[in-house]
Amino acid sequence: AQSVAQPEDQVNVAEGNPLTVKCTYSVSGNPYLFWYVQYPNRGLQFLLKYITGDNLVKGSYGFEAEFNKSQTSFHLKKPSALVSDSALYFCAVRAGGATNKLIFGTGTLLAVQP
Amino acid sequence: GAVVSQHPSWVICKSGTSVKIECRSLDFQATTMFWYRQFPKQSLMLMATSNEGSKATYEQGVEKDKFLINHASLTLSTLTVTSAHPEDSSFYICSARFSGVEAFFGQGTRLTVV
């Protein structure tokens, strides 16, 4: 069965410091991996995706993520955090092929302190 | 990216009444849309897959007679919560896919049943 784990409920980082939000996955076949961000009482905004190709993918707002097949991980990173990055971040996976369903992790609250 | 619009953003209704939530793809056609439910500080739970011109596919444990889904056109899916009760209070989010593999989400609907 497909699953996504986000081991940290919350990540605290000081503004200007690098940030990492962790995600590991379990899926049969080649995974499609995604990161989304959610601000309070809003829907999810797409940040980036990995389908195939280069393991380091760049996305919106300066975020990037590294696909690591051997560790089945897809951690979200940003070199320098902003206070405005504070939000809830979701990792999601979908198996390749005809499967359409997205499986979400439990979410990680990122708090960036000024 | 593609735009998905959800309406209303929030609604308060009395116990026993029905509430309709609309999800529209504004600049693309979506044969498939997805409805999620999100509890406070929790991840998104897929409720059903809405298919244009056919019956929705419900996830296990979701009452199809309570959560009526209609996908009558390629740009509109509706979720009707029938005979709402306080336990139905939640944040409901829809999504659709454009040409790529990533999903785009509506802004969500906060339903409060009193």
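1. Start with burial in chain B. Buried residues account for 53% of the 114 residues in chain B. Buried means under 20% relative accessible area, exposed means over 50%, and partly exposed lies in between, with a 1.4 Å probe and protein chains only. Keep in mind that this is a predicted model: local features need pLDDT of at least 70, side-chain atom pairs count only at pLDDT 80 or more, and totals for chains, interfaces and linings use all residues. Residues are numbered from 1 along each chain as its sequence is written, chains are lettered from A and ligands numbered from 1 in the order in which they are written, and side-chain values use heavy atoms, with hydrogens and water left out.

2. Next, the make-up of chain B. Chain B has 11 strands and zero helices. Helices (H or I, at least four residues) and strands (E, at least two) are DSSP runs, numbered from the N terminus. The radius of gyration of chain B is 13 Å, close to the 13 Å of the globule rule for 114 residues, so chain B is as compact as a globular protein of that length. The radius is taken over C-alpha atoms, and the rule is 2.2 Å times the number of residues to the power 0.38.

3. Now the extent and surface of chain B. The C-alpha trace of chain B spans about 40 × 30 × 20 Å along its principal axes. The accessible surface of chain B is about 5500 Å², and 52% of this belongs to carbon and sulfur atoms. Such areas come from the Shrake-Rupley method with a 1.4 Å probe; for residues, only the protein chains shown count as cover. Take the contacts in chain B between residues at least 6 apart in sequence: 52% of them join residues at least 24 apart. Contact means heavy atoms within 4.5 Å.

4. Which residues have the most contacts inside the largest nonpolar core? They are A:Trp35, A:Leu47, A:Leu48, A:Phe74, A:Leu76 and A:Tyr89, in a core of 27 residues. The elements that give two or more residues to this core include β2 (10–14), β5 (31–38) and β10 (87–95) of chain A. The largest share, four residues, comes from β10(A). A second, separate core has 26 residues, among them B:Trp35, B:Ala48, B:Phe67 and B:Val113. A nonpolar core is a set of buried Ala, Val, Leu, Ile, Met, Phe, Trp, Tyr and Cys residues joined through side-chain atoms within 4.5 Å.

5. Look closely at A:Tyr89. Leaving aside neighbours within four places in sequence, A:Tyr89 is in contact with residues including A:Gln6, A:Trp35, A:Leu47, A:Leu76 and A:Thr108.

6. Follow that list to A:Thr108. This residue sits in strand β12 of chain A. A:Thr108 is buried, at 0% relative accessible area.

7. One pairs A:Glu66 with A:Lys77, with the closest N and O atoms 3.7 Å apart. A:Glu66 lies in strand β8 and A:Lys77 in strand β9 of chain A, so the pair ties together parts that are 11 residues apart in sequence. A:Glu66 is partly exposed at 37%, and A:Lys77 is partly exposed at 29%.

8. Compare two other bridges. A:Lys78 and A:Asp85 meet at 2.8 Å, N to O. Both A:Lys78 and A:Asp85 are buried. B:Glu22 and B:Arg24 have their closest N and O atoms 3.5 Å apart. B:Glu22 is partly exposed at 23%, and B:Arg24 is partly exposed at 35%.

9. Finally, check the backbone. A cis peptide bond, with omega about 0°, joins B:His7 and B:Pro8. B:Pro8 is in the loop between β1 (4–7) and β2 (10–13) of chain B. A:Thr72 is a residue other than glycine with a positive phi, near 45°. A:Thr72 lies in the loop between β8 and β9 of chain A.

Terms used:
A salt bridge is a side-chain nitrogen of Lys or Arg within 4 Å of a carboxyl oxygen of Asp or Glu.
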